[in-house]
Every structure is written in C-alpha cells, then in structure tokens.
Amino acid sequence: MSAMRGLTVFIADIRNCRVRELEEKRINKEMANIRSKFKETNLNGYQKKKYVCKLLYMYILGWEIDFGHLEAVNLISSTKYSEKQIGYLAVTLLFHENSDLVRLVVNSTKKDLDDMNEINNCLALHAIANIGGREMAESLAPDVHRLLISPTSKSFVKKKAALTLLRLFRKHPDVMPVTDWAERIISLMEDYDLGVALSVTTLVLALAQSHPLEYAGCYEKAVHRLKRILIDRDYSLDYIYYKVPTPWLQVKCLRLLQYYPPPEDPKLRSDISELLQIIMGNSQDAPKNVQHSNAQNAVLFEAINLAIHLDSNSTICAQAAQLLGRFISSKETNVRYLGLETMAHLAACVDSLEPIKRHQETIMMSLRDKDISVRRRGLDLLYSMCDMTNAKVVVSELLRYLQVADYAMREEMVLKIAILAEKFATAYSWYVDIILQLISTAGEQVGEEVWFRVVQIVTNNEELQEYAAKTVLNYLGSPQYNETMVKVGGYILGEFGHLIANYPGCSPIEQFQAVHAKFNLCSLNTRALLLTTYVKFVNLFPEIKGQVLTVFNQYRYVLDSELQQRACEYLAVSTMQTDDMLQTVCEEMPPFPERESTLLLKLNQKIGDTEDKRVWFIGGKEANLERQEGLKRMASMRMNSTDSTTNNAQPSPTQQKQQPTSNPAPSQPSQTAMDLLAFDDLTISSNNNNNANVPPSPAAAVAAPIQELTKSPNEVQLPQGYELGYNQSLYTSEGVLYENAQLQVSVKSEYHGSHGRLAIYITNKSMMPLDPIRFNAPSTDKLSIQMTGDVPKKINPAEQGCLLLQVECHDMFNEIPSLLMEFNGGNDYLHLKLPVVLTKFQEPITTMDGASFFKRWNQIGGAPRENQVIITAQVPIQLETVRTLLQGFKFGLLIGVDPNPNNFVGAGVIDMGKAGGKVGVLLRLEPNLEQNMYRLTVRTPSESVSEQLRVLLERPLTFGA
Amino acid sequence: MIKSVLIFNNHGKPRLIKFYQQIDIATQQALVQEIYSLVSKRPDTVCNFLEGSKLLGGKDTRVIYRHYATLYFVFVVDESESELGILDLIQVFVESLDRCFENVCELDLIFHFDEVHHILSEIVQGGMVLETNMNEIVAAINEMNKAKKKSGSTTTGSLSVRASETLRAGFRH
C-alpha cells in the first residue's frame with residue numbers, strides 16, 4: 001500500500017495541519033473529491049482501494065464516514081487479494097451489524113468461505129467474527145462449523161473458525177445446534193497445534209457456561225492438556241513465551257475448571273493438585289525479566305483462583321495465602337494489585353480469615369498506595385475480610401481514610417462502611433456513632449439510601465432510639481452544616497425527641513432551636529421534612545407550641561406550594577379545639593417491615609453483566625454462597641444424568657445466572673424510598689385515604705335509592721358468547737365487553753394501586769328506548785364496587801349511556817364480580833361478568849435486574865408457593881402476541897434476564913388493599929416453539945395468588961389471545 | 001473478552017482504533033479521550049491496570065495498557081480476562097509489529113495503518129485471543145503479503161518512512 005502515492009500524500013498533508021480547522025478543511029476537500037470520484041463509473045479496483053483507504057484514515061482520526069460502503073463491498077469480490085483485503089478491512093471497521101448493507105456482504109463472504117485458497121477463508125472468517133449480525137449467523141454458521149471440524153482444514157483456518165463460531169454463539173446462541181456439536185468440538189481441544197487448542201478452549205469456555213452438562217467432557221480434556229504442558233513438557237518450542245510455555249492456554253484451562261464443581265473422581269482430584277503444586281513450585285524461580293515474571297504470575301494467579309475454588313481450606317490454599325502475603329508487599333505495582341485482588345477472592349471463600357488477617361496492617365497500608373487502582377483493590381479486600389473481630393478496626397480505618405479518599409471512590413466507600421457497620425455492630429452505640437460520623441464526614445457523597453436505612457434501623461430498634469436522638473442532637477449543635485445530617489436529625493428528633501427531653505441541653509426548646517438554626521440553609525425538600533418534624537414537636541412538647549406556630553404562620557405565605565400546603569395544614573391541625581386529630585396524625589411510626597438492606601442492592605447493582613460469568617464476587621463468604629450452591633446442584637445433576645445429557649437441557653435459573661446474594665427478603669429498590677418518604681405526606685395522604693374510604697359519594701348516595709336493583713345477578717343466566725369480550729377485556733384496558741342485536745356494552749378502565757375505575761358504555765342499537773334501566777353490581781368483602789356519578793336511567797335509540805364504577809381490592813379474590821342490568825321494568829335482564837381480576841391491580845416492574853430477580857425467585861422457592869403448568873397451545877405460538885398478552889396482564893417484562901431470548905421473565909406487584917397487602921409476583925414463561933407448548937411458572941409469596949395467576953394466564957395461552 | 005484495542009500517542013492522537021462491539025464514532029472518540037485522560041496522568045511506575053471506563057461497561061471493565069516511547073497501547077477488557085495475560089499480549093503485539101516493520105516507530109503506524117490492522121487481526125479476532133506465537137503471526141502476515149504481490153499489487157516493500165526513534169528504544173516495561 002505504500003505504492004498508493006495519493007494516500008501517502010494525503011496522510012502527510014493531514015499531518016501538516018497544525019490546527020483542527022485546517023485538518024477539517026483538508027478532510028472536507030478530500031471527502032468532496034472522493035464523493036465525486038465515486039460517482040464516476042469507470043473507477044478501477046486500484047482507485048477504489050485508494051479512496052477507501054483514505055476514508056479509513058479519516059475514520060481513525062474520528063471523522064464520521066457515511067459513504068463508500070458500496071465501494072468497500074465491491075472490493076470484497078475483487079479477484080486481487082490486496083483489494084479484497086482492504087474491502088474486508090473497511091467492512092469490519094465501518095459496517096454496523098444491523099446495517100442493511102450486511103446483506104450485500106453475506107454472499108461474497110460465503111464464496112470466500114468456500115474458496116480453495118485458505119487465505120481467503122481467513123479474510124471471510126475474520127469479517128464474520130467482527131460483524132456477526134443475525135443474518136450472517138443464520139446463513140454462515142454451518143460453513144464456519146464445517147471449516148472448524150474438517151480434517152482437511154489447515155490449523156490457521158481452524159483457530160479462526162473456532163473464534164468466529166464463538167462470536168456468533170455469543171451474539172445469537174439460538175441459531176446453532178451447539179449441543180449437537182459438543183463431542184466434535186471438545187475433541188479438538190486435544191489438537192496438537194497449540195494455537196488451535198487455545199482458540200477451541202476459548203470457545204469451549206463459553207459453551208460450557210451455557211451448556212455445562214453437554215460440555216462436561218471438557219473438564220478432563222483441560223486437565224489432560226495442562227498435564228501435557230506441565231508434566232510431559234509436550235509443546236512446540238515456538239509457544240514458549242519468555243520461558244513459560246503457552247501461558248495463555250494454561251490460564252484458559254485453569255479458568256475453565258473453575259466453571260465446574262470440584263470433581264468427584266479421586267484420580268482427577270490428585271492430578272489437579274499435582275498440577276497446582278507444579279505451578280506453585282515454578283513460581284519460586286526468580287524471573288529473568290518483567291515479561292517472564294508477568295507470564296509466570298498470570299498462570300500462578302489463575303492457579304490460586306482454581307485452588308480457592310476447589311477447596312478454600314486446603315493446604316495448597318494455605319501456601320497460596322503465604323505467597324499472596326508476599327505479593328501484597330511486593331515492589332512491583334502489578335503484583336501488589338493482583339495480590340490484593342486474589343486475596344479478596346480467598347477472603348470471599350475461605351472459612352477462616354485468620355491467614356489473611358495476619359496481613360491486615362499491610363492491607364490497610366495499601367489504602368494509601370500511590371496508585372488508585374491498588375487502593376481500590378485494597379478497599380475490596382478490606383471489605384471482604386471484615387468480620388466481627390476486626391470490624392471496629394477496619395471500619396474506623398476506612399472512616400479515617402474516607403476523609404482523604406479520592407472523590408471517585410467515596411460513594412462506594414460510604415456504602416461499604418454503612419454495610420459493615422450494620423452487619424458487624426455489636427453495640428448499638430457503636431453503630432450510631434459510626435454512621436453519624438460517616439454522614440458528617442462524607443456529606444454529599446452519602447446517598448439517600450444510607451440515611452433511609454439509618455432511620456429504618458433506629459425505628460425498629462427501641463434500644464437505639466434514645467442514644468441516636470442524643471447523638472444526632474449533638475451533631476446538629478455543631479456549627480458545621482450538613483444537609484443529610486439535618487434530615488436524619490429532623491426525623492429522629494421528631495420521632496424520638498421526647499426520650500431525651502429531660503436531659504440537660506436537650507430540652508424541647510433546645511431541640512427545636514438546634515434544628516431550626518439550619519432551617520434556612522436547607523433545600524425545599526428538607527424544609528418540608530422539617531415542617532413535619534415541627535408538627536410532631538407540637539404533639540410531643542405542647543410547651544413550645546408557640547414558637548412552632550410562628551414558623552407555620554410564616555410559611556403559610558411562602559411561594560412554594562408544597563411548603564405552603566404543609567404549613568397551612570399543620571397549623572390547622574395544631575390549632576384544633578381538641579388534640580385528638582393531632583395525636584392520631586402524629587402517632588409514632590410503626591416499625592418498618594424487615595427487608596434486605598437497599599445498600600447491598602445498590603452495591604450489587606454495580607456488578608453488571610459481562611460476557612463471561614464472574615467466578616466469584618467481592619464480599620464475604622455468604623456473598624459467594626449461592627454460586628457454590630449452584631455448582632453443587634450441578635454436580636448432583638451431573639451424577640444423576642451420567643450419560644444421558646439430553647434430558648437436562650434446561651438448567652435451573654441459578655445455574656444460568658450466578659449472582660451475589662446475602663441477606664434475606666429482597667425488595668424493589670424503590671420500596672424503601674417510598675416507605676420513608678411517605679411520612680413526608682403523612683397528613684395529606686391520610687386525608688386522601690379517608691376520602692377514598694368514605695363509602696358512597698354524596699351524589700351516589702342520593703341517587704342510589706331510586707336506582708337500586710335488588711335482584712341478584714346469580715338469578716339471571718349469563719348470555720351466550722359473553723366470554724369472548726370478557727376474556728379479551730382481562731388483558732386490555734378498553735374494548736367491547738358484550739354485543740347483541742339490541743345493545744353493545746363496552747368498557748374502559750384504569751387502575752391505580754388497589755383502586756380502579758371502570759366506565760361502562762351502553763349503546764342502544766335497537767329502535768326502542770331502554771327505559772327505565774337499572775343496575776346492580778354487588779360488592780364482596782374482598783372487592784368492593786360502587787356506582788358513582790350520574791347513573792343513567794334511560795337510553796334512547798342510537799344513544800349511549802355511561803355507568804361509572806369504582807372498585808377497590810381489599811384482599812386476594814378469585815370470584816369474578818358481576819354486573820346485572822334490568823331493562824324496561826323487569827322485562828329484560830342482562831348479566832355480565834366484569835373484567836375485574838387480580839392482575840388488574842398489578843403494577844408492572846421493569847427495573848429489576850437479573851440478580852435481584854433470581855435472588856427473589858430463589859427465595860420464594862418451589863411449590864406450594866410456586867405454581868407451574870405445562871400448556872399445550874391450541875394455536876401456533878407467536879412470541880409477539882405472547883409479549884402483548886403478558887404486558888396486557890400488567891407484567892413488567894425483564895429483558896436480558898433469561899439467557900434464552902425466547903423465554904419471558906416478568907415481574908409485578910399486586911396491591912390487594914388493606915387485608916391482602918402488596919404481593920410481589922414473578923413469572924417465567926418458556927415457550928417451546930417446536931412442540932407448540934409452554935411451561936408457565938408463577939412464584940409469589942402467597943400460594944393462592946400464585947394459583948390464581950396461573951389460572952388467569954392458562955386460558956389465553958392455550959387458546960390464543 | 002477484549003472490548004477494544006486502541007493505540008494513541010502521548011498527545012492523545014489515535015493511531016489505531018478497533019472495537020469489538022458496535023459503538024458509534026462519536027462515542028468511540030469520546031472513549032479514546034476518556035482513556036487517554038486516565039492513562040496519560042499515570043506515571044510509568046504505577047501498575048498497568050485501571051478500572052472502570054464509564055463509557056464502556058463501567059466497573060467490570062479493566063483498562064490494561066503499556067506505554068512505549070511515544071505510544072500508548074491500550075486493551076479494554078472485561079473481568080474474565082487475565083490481567084497479566086493481556087499485558088503479555090500487548091507485548092506480543094508490539095514485538096510482532098516490530099518484526100513486521102523492522103524497528104517499528106509511530107510513523108509506521110500512521111502510514112501503514114492497514115498493515116497494523118492486519119497484524120492485530122492475526123492476534124485478536126472478534127475480541128478473543130487468536131494467536132500468541134510470534135512466529136505464527138509473522139508467518140501469516142508474510143503469507144498475506146505474498147498473496148498481495150501475486151495478485152499484482154506493486155508493493156514496493158520499502159517501508160520507507162522512518163523516524164529516528166523506534167518504539168523498541170523506548171520499551172519501558
């Protein structure tokens with residue numbers, strides 16, 4: 001390409017542009033030139049190549065290239081290799097996998113895959129691996145597989161084919177029968193060529209994560225390969241990298257073994273420990289240079305990880321701990337970094353933290369390392385190794401370090417400190433001290449969830465309340481201003497200020513003044529919260545009512561409507577003739593329901609999905625428990641299945657996704673926030689609730705006697721064909737409920753929490769008026785129904801009447817409510833089922849991530865709280881329709897949670913009012929397109945809810961929407 | 001997997017941009033700048049690993065880089081790659097460049113950017129390590145060049161642009 005003079009000149013030109021403007025001018029000129037050249041029809045291959053090269057250079061400099069794609073496609077089918085090569089390069093750099101242009105490439109790529117010349121095969125493979133769109137995967141995967149397994153393929157084609165297949169599998173796992181290919185692919189791990197072995201092992205590493213049982217054979221092969229390298233020294237000398245034989249392949253094999261449970265076979269076990277011993281032994285060699293020590297350590301660290309995985313309490317691990325102890329004080333930063341990271345792995349798995357705690361001093365020092373990367377690892381390790389015995393030291397060290405910590409690390413540190421303080425608190429006072437010190441130090445870096453959590457814990461632990469109130473008052477007394485502290489202070493004093501009112505310096509007026517001194521510095525939200533605190537003060541301390549009322553009075557005229565409303569209402573409540581209302585409103589908050597700390601959720605959220613699964617998680621032993629459980633289950637499945645691998649094609653969710661977990665009872669991330677914020681609106685929301693609960697509204701109350709229809713719906717048969725509209729209305733919010741020759745009944749509905757409103761439209765299609773018309777929709781104690789507004793009394797021909805219904809769910813129900821209409825003075829009746837079912841009171845959840853989903857899923861567990869059914873669909877399954885259906889039933893569909901993209905995973909919360917409470921719902925629907933069947937699984941904490949949901953979904957899934 | 005391979009110089013000017021995920025050009029350039037600003041501030045004595053590019057995967061992403069003379073070689077990887085393995089791979093990449101260009105320097109990468117891509121494609125494919133054996137890599141490149149010649153392209157073979165300072169002279173790690 002140095003032959004392309006025009007290109008060299010162009011590059012030199014660009015390099016001479018000293019300012020961006022000049023470069024831009026030159027680029028624009030060239031783009032215009034190339035555009036006009038591309039319009040000419042008689043460009044030869046060389047010219048096209050040259051111009052495409054220029055475009056590529058501009059691309060590297062960061063200029064958007066929006067033309068030239070067709071010319072690149074042209075070059076690909078050139079017979080000249082140099083042109084073909086540039087064509088492919090351009091395609092891989094400039095094409096988007098979903099671009100329509102990819103279609104144009106597929107044919108020439110296929111031709112090159114079939115070409116006799118391997119060098120063209122390679123170009124094609126490389127392009128597929130880089131672009132990898134669905135279209136390519138569907139039409140080319142079989143060819144790629146053929147190149148991989150064909151005995152006539154050269155090694156350099158095979159290794160590329162292996163990685164290409166891997167790429168296609170990652171992107172579109174459904175388009176190829178990888179389980180059928182297992183045996184052939186695994187056998188290629190034995191290939192003599194180490195390049196092929198490396199690529200194939202990489203491929204198997206990915207396949208084994210998705211299909212552990214089918215690919216179980218790879219375990220022995222990996223052990224065998226390591227033996228050949230480490231014991232038999234059977235490798236091509238070319239693959240020695242700075243004295244270490246093929247470190248990359250060793251690392252891959254060692255990692256592959258970590259995706260399987262420790263082997264049962266004692267021979268295999270002893271083989272592996274021999275290998276690990278050899279690797280540890282090798283690490284004693286003094287490395288000759290940096291590359292040598294890098295390669296050696298790469299293998300060593302992976303070996304230690306495997307040793308920890310196999311048995312964290314083995315002697316090898318004890319040796320490893322010693323080695324790591326040396327590493328973390330190494331002079332070389334890379335080694336310190338990896339030493340700390342691997343030690344965090346050890347700490348996350350091992351039973352006894354003693355060997356690690358021996359290095360506690362060094363690890364704490366690493367928080368002050370000059371390199372932020374090392375500091376982060378140090379933090380992770382300290383977090384993982386914290387337990388009852390060293391919590392005080394570790395936490396106070398972290399707190400001290402927080403004051404000087406990098407801005408980028410502070411938020412995470414705050415979370416970690418808060419979690420450790422909660423987890424390992426032995427004395428309440430210690431917890432309160434630490435957490436308030438944390439809030440006072442970190443100020444703005446303290447996320448809302450931290451202080452919510454403090455309030456929860458203080459509210460739920462009576463022993464804490466007095467001390468917390470006292471300490472927080474102390475902090476408020478300091479001249480330093482810290483808004484989070486004011487919020488905590490305001491809340492805690494409002495709730496528990498009376499517990500300390502008799503101590504010196506804590507009198508009601510002093511409490512009020514301490515809070516109010518900061519009032520004007522605070523944001524509007526905080527001020528609103530403080531007003532609530534003040535109204536609680538009025539209730540707790542009548543003696544300072546005067547001062548507080550002055551504030552309310554003043555804020556009655558403030559511009560912000562929220563503050564104004566609160567001030568007015570609180571003033572009104574405080575100045576009522578009796579204190580009854582005030583006392584009711586300011587009743588002490590009940591304890592919060594026990595639930596998982598949102599802090600952990602927040603921390604774990606940050607660990608997102610990567611291409612490969614993590615083999616361990618930062619955190620203590622329990623954080624890794626679930627993964628280990630998953631592996632154990634896999635081990636037992638492996639034993640049960642011995643050779644019949646096909647039966648177990650569907651591993652359980654935990655195996656597919658191993659995610660961190662620790663404490664019980666997860667919740668939606670937002671729930672705590674809701675609970676805690678609810679007190680903000682205490683008076684307002686309680687008023688609203690009262691309104692909603694006041695039975696019939698005045699209008700209805702007056703109108704009702706006239707309209708009353710006493711006949712029960714059960715006395716009238718349901719009309720034929722009512723199911724059609726009824727069934728459809730179950731998963732739509734509006735539509736026709738029933739239609740016959742005389743009339744049409746349609747329904748519109750909206751739901752909010754446990755409340756719903758339905759508008760029933762009745763259209764008179766006949767020539768006669770419907771006069772009079774009366775309705776009856778009986779309530780039950782689980783579901784109340786009220787007619788509101790003007791109930792239509794007559795409907796003229798070709799006119800429409802509208803009946804408004806208010807429904808409220810009080811408890812789990814499975815009885816479908818009825819609506820009875822009486823026309824023309826009892827001559828005619830129509831009995832319909834109202835489309836009011838449990839799912840109508842559901843709110844979809846779409847923000848839950850895979851980790852939270854599976855954690856919750858596992859906590860609910862199997863039957864009886866799980867309800868599962870296999871459904872044979874009577875109509876062809878169409879995924880799009882199913883999606884609409886599930887969403888119609890108000891399930892939030894979670895994308896990317898299930899590894900199989902055809903499966904649906906859904907979540908929601910059903911609000912069943914006062915008696916039923918809120919119930920979280922999880923759903924998994926696995927369609928089997930070949931057999932036209934589904935497996936439907938519903939898990940909720942309530943047996944009857946699970947069953948009811950299953951019943952509701954079963955019919956539409958069977959007979960189609 | 002490897003998410004991206006970048007080469008840029010001491011001033012943040014990109015010399016090679018290769019992404020193994022689909023990312024639009026604006027983000028690509030923003031990423032180069034983000035990583036440049038992270039990496040260029042670090043003295044050569046600190047470790048070769050950085051955590052969390054915000055634009056490319058957040059906390060689970062590792063930035064692994066080496067600094068040779070005027071150039072930074074950066075691999076952005078997820079947590080399933082061995083850090084030291086990638087560090088070694090950068091070394092293999094640079095040594096392969098050095099063999100193909102006979103004492104490689106920044107100018108070679110500028111004027112023969114296509115060559116650099118071809119060499120990289122023999123080492124990493126679709127985000128996965130393809131080959132680590134230098135002899136294999138160089139042989140594959142020679143094979144390509146032979147094919148080019150046969151197909152009639154008049155490669156002069158004189159990789160004439162040369163600057164006094166080669167990368168090898170500046171190996172620091």
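This is a predicted model: local features need pLDDT of at least 70, side-chain atom pairs count only at pLDDT 80 or more; totals for chains, interfaces and linings use all residues.
**Exercise 1. Classify the ring pair of Phe301(A) and Phe327(A), and say what the pair ties together.**

Step 1. Take the distance. The ring centres of Phe301(A) and Phe327(A) are 5.4 Å apart. Rings pair if their centres lie within 6.5 Å.

Step 2. Take the angle. The planes of Phe301(A) and Phe327(A) stand at 55°. Stacked needs under 30 degrees, and edge-to-face needs over 60. The pair is therefore tilted.

Step 3. Place the residues. Phe301(A) lies in helix α15 (residues 290–310) of chain A, and Phe327(A) in helix α16 (residues 315–327), so the pair ties together parts that are 26 residues apart in sequence.

Step 4. Check burial. Buried means under 20% relative accessible area. Phe301(A) is at 5% and counts as buried. Phe327(A) is at 12% and also counts as buried.

**Exercise 2. Classify the ring pair of Phe853(A) and Trp857(A).**

Step 1. The centres of the two rings, Phe853(A) and Trp857(A), are 5.6 Å apart.

Step 2. Their planes meet at 25°, so the pair of Phe853(A) and Trp857(A) is stacked.

Step 3. Phe853(A) and Trp857(A) are four residues apart in helix α39 (residues 850–860) of chain A, so about one helical turn separates them.

Step 4. Both Phe853(A) and Trp857(A) are buried.

**Exercise 3. Describe the salt bridge of Lys110(A) and Asp143(A).**

Step 1. The closest N and O atoms of Lys110(A) and Asp143(A) are 2.9 Å apart. The cut-off for a salt bridge is within 4 Å.

Step 2. Lys110(A) is in helix α6 (residues 102–114) and Asp143(A) in helix α8 (residues 134–149) of chain A, so the bridge ties together parts 33 residues apart in sequence.

Step 3. Compare accessibility. Lys110(A) has a relative accessible area of 30% and is partly exposed. Asp143(A), with 10%, is buried.

**Exercise 4. Describe the interface of chain B and chain A.**

Step 1. Count residues. Chain B gives 72 residues to the contact, and chain A gives 86 residues.

Step 2. State the area. The two chains bury about 7,000 Å² between them, with 54% of it on carbon and sulfur atoms. In chain B, the residues that lose the most area to chain A are Gln22(B), Phe113(B) and Gln125(B). Together they make up 10% of what that side buries.

Step 3. Count polar links. Seven salt bridges cross the interface of chain B and chain A. There are also 24 residue pairs in polar contact between these chains. Helix α2 (residues 83–101) gives the most to the chain B side, with nine residues.

Step 4. Look at two bridges. Arg62(B) meets Glu341(A) at 2.8 Å, N to O. Glu81(B) forms a salt bridge with Lys252(A), with the closest N and O atoms 3.9 Å apart. That pair runs from the loop between β5 (71–77) and α2 of chain B to helix α13 (residues 247–257) of chain A. Glu81(B) is at 8% relative accessibility and counts as buried. Lys252(A) is buried too, at 12%.

**Exercise 5. Find what surrounds Gln360(A).**

Step 1. Gln360(A) sits in helix α19 (residues 360–366) of chain A.

Step 2. At 13% relative accessibility, Gln360(A) counts as buried.

Step 3. Leave out residues up to four places away in sequence. Gln360(A) then touches Met385(A), Asn390(A), Val393(A) and Val394(A).

Step 4. Pick out the polar contact. The side chains of Gln360(A) and Asn390(A) make one at 3.2 Å.

Note on methods
Residues are numbered from 1 along each chain as its sequence is written. Chains are lettered from A and ligands numbered from 1 in the order in which they are written. Side-chain values use heavy atoms; hydrogens and water are left out. Rings of Phe, Tyr and Trp (its six-membered ring) pair if their centres lie within 6.5 Å; planes under 30 degrees apart count as stacked, over 60 as edge-to-face and the rest as tilted. Helices (H or I, at least four residues) and strands (E, at least two) are DSSP runs, numbered from the N terminus. Buried means under 20% relative accessible area, exposed over 50%, partly exposed in between (1.4 Å probe, protein chains only). Contact means heavy atoms within 4.5 Å. Buried area is the accessible area (1.4 Å probe) that two parts lose on being put together, summed over both. A salt bridge is a side-chain nitrogen of Lys or Arg within 4 Å of a carboxyl oxygen of Asp or Glu. A polar contact is a pair of N or O atoms within 3.5 Å; within protein, one must be able to donate a hydrogen and the other to accept it, and residues adjacent in sequence count only if both atoms are side-chain atoms.
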